[in-house]
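Subject: Structure handover

Hello,

Here is the structure we talked about, followed by notes on what was found in it. Please read them with the structure open.

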Amino acid sequence: MTWGVWGKKLDKNQKIDLMNFCIEMGITTFDHADIYGGYTNESDFGNAFVESQIKREDIQLISKCGIQLPSANRNTKIHHYNYSKSHIIWSAENALKNLKTDYLDLLLLHRPSPLMQVDEIAEAIEKLISEGKILDVGVSNFTPSQTDLIQSKTKINYNQIEFSVTHLEPMLDGSLDYMQLHKIQPMCWSPMGSVFKKVDEKSIRIIKLASELSLKYNVEIDALLLAWILKHPAGILPVFGTTNKTRIANLMKATTFEMELEDWFAFWTESAGNHVP
């Protein structure tokens with residue numbers, strides 16, 4: 001989301017360079033959505049990818065559909081959601097065209113709509129999978145009951161949600177329990193939460209603790225915040241948006257150690273502002 005006009009405005013050569021750096025770091029999955037960059041990021045990425053000489057089988061491409069934003073690139077009057085069969089199919093096929101690929105490794109329904117017709121969604125998914133245009137399907141920002149609704153007609157294998165040390169709700173409201181029970185792979189966006197975005201008592205407490213523990217684990221603060229997520233038994237896959245190579249390398253250090261039990265609960269304590277229940 002941050003590579004294009006909504007973020008760092010990387011040019012084609014910068015995108016190619018960053019793709020290769022990510023792969024060198026062991027990061028091979030690139031998370032997209034049709035709306036990113038006002039419907040421009042996917043085509044910009046695809047134009048860079050096709051010149052990168054990176055083999056398609058060496059990476060995984062994710063796209064999301066359903067959100068409709070007013071944009072110069074779409075004839076949309078109001079922010080809304082569209083999960084009609086025809087729109088899901090068109091969105092997936094448009095992503096293939098923009099990303100310069102024959103298939104998506106994963107298609108996500110971006111946000112739930114109260115007007116979702118599960119039969120239409122299932123028919124669209126079945127068609128796209130049968131034609132080899134998508135390999136897998138999931139949702140994003142769906143509650144357990146909304147996921148159940150979709151799963152009444154088709155299996156959901158992923159749910160990309162907001163989760164971090166400052167956004168604990170999925171850990172407390174049963175969402176992550178539900179995903180473990182139903183063998184749904186959680187992904188999380190904004191894995192740093194508000195730690196570096198807000199100067200408030202919660203962030204100050206967390207940064208103080210993380211600064212102390214960074215000496216113990218010999219990693220940067222942001223790697224600790226990722227390691228905290230990775231310790232959860234649901235097997236959460238963090239989706240981070242930085243384009244800074246140094247920070248990407250630092251974040252990958254989160255995969256090299258496991259946070260100790262009491263340190264994990266110390267982060268929860270500092271986030272909540274009191275002892276855990």
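Is F30 buried or exposed? The model is a predicted one, and in it F30 is buried, with a relative accessible area of 6%. The cut-off for calling a residue buried is a relative accessible area under 20%, so F30 at 6% falls within it.

Aromatic pairs

The structure holds 10 aromatic pairs. Like F30, W3 is buried, and its relative accessible area is 14%.

F30 also pairs with F45; here the geometry is tilted, at 5.4 Å centre to centre and 50° between the planes. This pair links distant parts of the chain, since F30 sits in strand β1 and F45 in helix α3, 15 residues apart. Both F30 and F45 are buried.

Elsewhere, ring pairs join F163, W228, W264, F265 and W268 into a cluster. A charge over a ring was found too: the charged end of R56 sits over the ring of Y103, at 3.9 Å from the ring centre.

M19

M19 is a residue of helix α1. Its relative accessibility is 1%, so M19 counts as buried. Leaving aside residues up to four places away in sequence, M19 touches W3, F30, F45, A48, F49, S52 and I54. From M19 to N98 the separation is 79 residues in sequence and 17 Å in space, C-alpha to C-alpha.

Helices α3 and α4

How do the axes of α3 and α4 cross, and at what angle? The axes of helix α3 (residues 41–52) and helix α4 (residues 85–99) come within 7 Å and cross at roughly 40°. The two helices are therefore oblique to each other. On the α3 side the contact is made by E42, S43, F45, G46, N47 and F49, which meet A95, N98 and L99 of α4. Sorted by class, this contact has 4 nonpolar, 4 polar and 1 charged residues.

Regards

Methods. Residues are numbered from 1 along each chain as its sequence is written. This is a predicted model: local features need pLDDT of at least 70, side-chain atom pairs count only at pLDDT 80 or more; totals for chains, interfaces and linings use all residues. Side-chain values use heavy atoms; hydrogens and water are left out. Axes are lines fitted to C-alpha atoms, for helices over the stretch in contact, and angles run from 0 to 180 degrees between N-to-C directions. Helices (H or I, at least four residues) and strands (E, at least two) are DSSP runs, numbered from the N terminus. Angles under 35 degrees count as roughly parallel, over 145 as roughly antiparallel, 65 to 115 as roughly perpendicular and the rest as oblique. Contact means heavy atoms within 4.5 Å. Ala, Val, Leu, Ile, Met, Phe, Trp, Tyr, Cys and Pro count as nonpolar, Asp, Glu, Lys and Arg as charged, and the others, Gly among them, as polar. Rings of Phe, Tyr and Trp (its six-membered ring) pair if their centres lie within 6.5 Å; planes under 30 degrees apart count as stacked, over 60 as edge-to-face and the rest as tilted. Buried means under 20% relative accessible area, exposed over 50%, partly exposed in between (1.4 Å probe, protein chains only). A charge sits over a ring if NZ of Lys or CZ of Arg is within 6 Å of the ring centre and within 35 degrees of the ring normal.
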